[in-house]
Amino acid sequence: MDVYEAVTSRRAVRGFTDRPVPREVLERVLSAAAWAPSGSNLQPWRTYVLTGGPLAELKKRAGKRVVAGDPWDEREYEMYPPVLKSPYRERRSRFGKERYSALGVSREDWEARQRAASDNWQAFGAPAALFCYIDRDLGRPQWADVGMYLQTVMLLLRAEGLHSCPQMAWSVYRKTVAEILSPPDELILFCGMSIGFEDVTVDYVRTGRAPLDETVTFIEGPVLQSHAE
């Protein structure tokens with residue numbers, strides 16, 4: 001699989017089979033992903049990988065919280081601005097409509113939307129899950145580095161024939177995740193990531209992308225002469 005195919009075939013899969021992901025594959029992916037760029041080579045990511053019994057226990061505990069209607073853990077970072085301006089507001093709205101329409105859930109059916117959202121905390125049935133933390137003392141550039149690292153992980157997973165789903169949703173159950181992982185206090189959970197083989201029986205609608213001219217500006221023309229010349 002070449003890089004272009006890995007990029008264009010990567011998507012947030014929300015339905016996995018229970019086929020195990022070999023440990024050696026995960027080690028190969030994460031070893032290569034360590035070469036992702038980061039400012040001054042800080043490598044600000046701290047990654048935990050769960051499979052087997054520990055992942056099953058996390059799903060069990062998260063499921064109990066969902067059923068009990070426990071309030072979410074307080075956020076340690078803001079997922080989205082309180083007010084999204086255009087065009088981001090429209091893109092988010094379009095995504096939600098496409099996502100729930102694919103599930104046959106109407107915008108007004110709040111309970112069904114909640115049930116669909118709860119699949120996040122079962123890792124969509126995936127047999128492996130990654131949890132990525134960052135030191136709370138680091139700044140925005142380092143958060144950007146973590147994003148590049150996670151993208152590298154997801155593309156390498158595609159090269160191995162695997163799929164993934166990055167999930168900020170785990171951050172609101174961060175205390176439950178911490179019960180299993182026992183991360184140091186100086187770390188913030190940025191996101192989880194479900195990893196596995198896609199369940200092709202699960203219907204989905206792939207969300208579109210903005211046209212190139214909406215997000216990219218080309219500045220072309222002859223080379224400008226310097227005033228100093």
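**Two helix pairs**

Helix α3 passes helix α7 in a right-handed crossing, where right-handed means that the near helix is turned clockwise from the far one by less than a right angle, and left-handed that it is turned anticlockwise. Helices here are DSSP runs (H or I, at least four residues), numbered from the N terminus. This is a predicted model, in which local features need pLDDT of at least 70 and side-chain atom pairs count only at pLDDT 80 or more, while totals for chains, interfaces and linings use all residues. Residues are numbered from 1 along each chain as its sequence is written, and side-chain values use heavy atoms, with hydrogens and water left out.

Helix α3 covers residues 52-68 and α7 residues 174-181, and the two pack at an angle of about 150° with their axes 10 Å apart; axes are lines fitted to C-alpha atoms over the stretch in contact, and angles run from 0 to 180 degrees between N-to-C directions. The angle therefore makes α3 roughly antiparallel to α7, a term for angles over 145 degrees. The contact (heavy atoms within 4.5 Å) is made by P54, E57, L58, R61, A62 and R65 of α3 together with T176, V177, E179 and I180 of α7.

The crossing of α2 and α6 is right-handed, and V29, L30, A32 and A33 of α2 meet Y149, T152, V153, L156 and L157 of α6 in the contact.

Notes
Parallel < 35°, antiparallel > 145°, perpendicular 65-115°, else oblique.
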